Amino acid sequence: MAPKPPNAGGHSQSLGPGGLGTLTKRITTTHLLILSFLVHLLLLLYAEHVDTHPERYGGLKYTDVDWRVVSDGARLIFRPQEGQEAKGRLTSRLGWRIGDPYERATFRYTPLLPLFLSPTLLHPLLGKIVLTLTSLLIPPLLLSSSSPATFWPTHLLWTLNPFVLNITTRGSPEAIVCLLVVFVVYSLQRKKNTWAAVGLGLAVSWKLYPFIYVASIWTMLASRREHGWFGRDVWKFGFATAVTVGIVNGALWLIWGQPFLEHTYLYHLHRLDHRHNFSPYFYPIYLSFFPSSSSGFSPDQYSSRMQLLTTILRHPLTSFLPQITLVLLAGFVLTPVTGLEVAMFVQTATFVVFNKVCTSQYFTWFLPLLPYIIPTLAISTRKTGLLVLVWIAGQAIWLGTAYQLELRGKDVYLNVWMAGLALFGVGVWVVGEIIEGWEGGSVKPRERRRVKVD
């Protein structure tokens, strides 16, 4: 009798007769999830040690500063002081004693985040364990809608990936929006469009960037039915998404009022971040903020020579137009040819690489989409290793330069920018290689141009 094929929670594929194959076919998703959870716990304990003794580690703290911002937001919601109450109409009318997280400087998130992570008020570890459990929900969901060949790619890219483990245990809540995005793909693959629409509405309410998937999802739905771009499926999906966004954000607005709209959404439309980050835009924006001290020009010279350039650099469209153009092209052009998953990956990677603010945690946004597309790629092992190596090296060089700036106080802004430009080039190259390496699984390269769009 032939052996049964492995399932999402079952055995991985054998890698060969005996040896490693014999060992790996006994490893299951459950085993790897338990291992990952234990590693998370060890890292959380290590984080507690580093955070309480930063002087032993060159002044570095393990936990991300954003975690403290979110924790303070949760504390403000549940334990407000006088004058820190929520400013929404509903809370004012009913006299609810709910605090305003936006009283905490730099809190720019949806109130859903501190509510979700509120166990941290009982103990900091509890909130991070909630993030850990959220992150560990992603691999089973991925594997339930992928081929058995993605067993190890899924666990190596997410479950056991040191980068993901580090981001999660530092307190970055990216796993939440990643889980929602994977749920959207999972539902669309099973043609449960209403559930996918609700998931997309929740994802957009949690973090703005998933709105980019409207282009690829719209294109996919239009190709499923003879009614085309404005068929019944399209309208139903759009209506369900809009209702979800409206209900969630309407309730939040009634509780927290105008500060909710301003800091959660409007702020990001005109945000100009001159702090160092991976983005190629950070240094020109930095110079536009501090012309006399950083550019070498006097204020009068700067005003006469650079006023137009400064205006262009500070305008939100400077970074938004190339970014959104590429994202829309990927959604509308790639989806009919490569399918939804590849298009969504390219959209996400392009959005991150061309974003005006880019930090390490943003890279987790496209990682859960990689297991979907790996079976469709024809990239040699050597080239794959080269892509990964260059990507890691680019980040390592940037982080080393940023350490000199932030913790050693050296004036290396230009060096950080050059490292960011190099990483930007690496990101564009990697995305290009993935698009070039797509073969569509069973679709041969010569057959690509014969693929028809309904």
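Predicted model: local features only at pLDDT ≥ 70, side-chain atom pairs only at ≥ 80, totals over all residues.
Let me start with empty space, since rolling a probe the size of a water molecule over the atoms shows where it is left. A search of the whole structure turns up two cavities of 30 Å³ or more, and the largest cavity has a volume of about 70 Å³. Among the residues that line the largest cavity are Phe 278, Cys 358, Phe 363 and Trp 391, and by class the lining counts eight nonpolar and two polar residues, with no charged ones. Helix H22, residues 413-436, gives the most to this lining, with three residues.

Turning to the rings, the structure holds 22 aromatic pairs. One of them joins Phe 107 and Tyr 109, whose centres are 5.3 Å apart with 80° between the planes, an edge-to-face pair. Phe 107 is buried, at a relative accessible area of 1%, and Tyr 109, at 18%, also counts as buried because the cut-off is under 20%. Phe 366 and Trp 391 have planes at 75° and centres 6.3 Å apart, so this pair is edge-to-face. That pair links distant parts of the chain, 25 residues apart, with Phe 366 in the loop between helix H19 and helix H20 and Trp 391 in helix H21. Ring pairs join Phe 366 and Trp 391 into a cluster with Phe 278, Phe 345, Phe 363 and Trp 398.

What sits over the ring of Tyr 267? The charged end of Arg 108 does, 4.1 Å from the ring centre.

Finally, the cysteines: the structure holds zero disulfides, while Cys 178, at 1% relative accessibility, counts as buried, as does Cys 358 at 4%.

Note on methods: Residues numbered from 1 in each chain as written. Heavy atoms only, no water. Disulfide = S-S within 2.5 Å. Buried < 20%, exposed > 50% of the residue type's maximum accessible area, 1.4 Å probe, protein only. 1 Å grid on protein atoms, 1.4 Å probe; cavity = no way out; pocket = protein on both sides within 12 Å on 5 of 7 lines; lining within 4 Å. Points joined across faces, edges and corners; volume = space filled by probe spheres on them. Helix = DSSP H or I, 4+ residues; strand = E, 2+ residues; numbered from the N terminus. Nonpolar A, V, L, I, M, F, W, Y, C, P; charged D, E, K, R; others polar. Phe/Tyr/Trp six-rings, centres within 6.5 Å; stacked < 30°, edge-to-face > 60°. Lys NZ or Arg CZ within 6 Å of the ring centre and 35° of its normal.
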